[in-house]
Amino acid sequence: MISFYPGPSKLDPAVGQAMADAVQSGILSVNHRSEEFVEVCQKAVSALREKLEIPESYQIVFTSSATECWEIIAQSLTEKGGLHLYNGAFGEKWFRYAQKIRPSSVGHSFDFNQQIDLNGIRAPFQPELVCLTHSETSNGTLVPNSSMSAIRAKYPDSLIAVDAVSSMAGVQLAWEVADIWFASVQKCLGLPAGLGIMVISPSAISKTKALGEWDHYNSLAFMIEKMEVCQTTYTPNVLEIWLLGQVIKARMSITELAPILEKRAENLRALIRRLPNFELLVENQAVASPTVIAVRPTGEVSATELRQRAKEAGFLLGKGYGTLGEGTFRIANFPAHTDREMKDLAEFLESQ
Ligand SMILES: *Cc1c(COP(=O)(O)O)cnc(C)c1O
């Protein structure tokens, strides 16, 4: 069975050997304050920095999940609350979590088939933080770089936080256009779930220090301080950090990889457009994500039935997410998927 679920998804082919090597090496029995752990952590961080082309000035910290990042950002980077721009279930969920921590957080939803209209935003304050979801995994949209730059230009004094869970390591990110980027590893990185990655700009580091929120084990100031010497505030998921280092080291740079995924997504979208029994949920190419493609069956066969047929043919497809539920299914186009597997899936869809 090949998983095209948009997370957890197909594991990177390097994971099996890397897991065995981790056990062999003894690292999983070593204390996390040891030099051995620091070395593993440093290797993972520098491989990530190199392959994803993360600027030197941006710091990397590890969390347990992207959901944890949502809370850390609200707790450690806002006093009153941020402005959340969203067009789907994950962005909205982030807003709801942030609201619990900062009740004055403001949400603004926009149509997922349109580029965000910044003039339409009626925020009651100059936001201290603007939050957006780069690749909205629930509907398969991506905020284009032009919109990201426009947001930066409209809010020059705000920090910008970006949920890049299903785009980091699959799409070339314009790091400098935002201040906090985060992802978890079970999407484009092709690892088992259980690790989050946060990438933080110098401005966000300064703001964290200025706010001085030190009340939690995962207060960002505390995490940043520890990570300066490749340490964490709690016993980390050493296996995942090891796997991350191994897997990312074996990958192409994002400059080489992103166009390959983009091309595959274009081919798949072109196919869906041609097929009589399917349509793309996101018709507007300008806002379509290359890593998650949401499809709506238009014929007599329901999305549920199609997923069942796909399973029998050896393909695990993603369920529709949130309010899109039963009407759609989702296909992940992640780096762990091969061209051959994408072609086989295309043939299956053509036969339906
Ligand atoms: C999967 C996903 C999350 C949640 O990630 P966890 O690791 O489960 O916390 C958040 N945002 C987006 C866009 C996602 O795709």
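Which residues in H2 meet which residues in H8? Before answering, a reminder to myself that this is a predicted model.

Entry one, H2 and H8. On the H2 side I listed Phe 37, Val 40, Cys 41, Ala 44, Ala 47, Leu 48, Lys 51 and Leu 52. They meet Val 238, Ile 241, Trp 242, Leu 244, Gly 245, Ile 248 and Lys 249 in H8. Sorted by class, this contact of H2 with H8 has twelve nonpolar, one polar and two charged residues. I then checked the geometry: H2 (residues 35-52) and H8 (residues 238-249) pack at about 40°, their axes 8 Å apart. The pair is therefore oblique, and H2 passes H8 in a left-handed crossing.

Entry two, H3 and H4. I found H3 (residues 66-77) packing on H4 (residues 89-101) at an angle of about 45°, with axes 9 Å apart. That makes H3 oblique to H4, but here the crossing is right-handed. From H3 the contact takes residues including Trp 70 and Ile 73, and from H4 residues including Phe 90 and Trp 94. I noted eight nonpolar, two polar and two charged residues in the contact of H3 with H4.

The largest nonpolar core has 86 residues, and Phe 62, Met 168, Trp 181 and Ile 197 touch the most other members. Its largest share, nine residues, comes from H2. I also looked up Trp 181, which touches Tyr 58, His 134 and Met 148, among others.

Key: Residues are numbered from 1 along each chain as its sequence is written. This is a predicted model: local features need pLDDT of at least 70, side-chain atom pairs count only at pLDDT 80 or more; totals for chains, interfaces and linings use all residues. Side-chain values use heavy atoms; hydrogens and water are left out. A nonpolar core is a set of buried Ala, Val, Leu, Ile, Met, Phe, Trp, Tyr and Cys residues joined through side-chain atoms within 4.5 Å. Buried means under 20% relative accessible area, exposed over 50%, partly exposed in between (1.4 Å probe, protein chains only). Helices (H or I, at least four residues) and strands (E, at least two) are DSSP runs, numbered from the N terminus. Contact means heavy atoms within 4.5 Å. Axes are lines fitted to C-alpha atoms, for helices over the stretch in contact, and angles run from 0 to 180 degrees between N-to-C directions. Angles under 35 degrees count as roughly parallel, over 145 as roughly antiparallel, 65 to 115 as roughly perpendicular and the rest as oblique. A crossing is left-handed if the near helix is turned anticlockwise from the far one by less than a right angle, and right-handed if clockwise. Ala, Val, Leu, Ile, Met, Phe, Trp, Tyr, Cys and Pro count as nonpolar, Asp, Glu, Lys and Arg as charged, and the others, Gly among them, as polar. Lists of a residue's contacts leave out its neighbours within four places in sequence.
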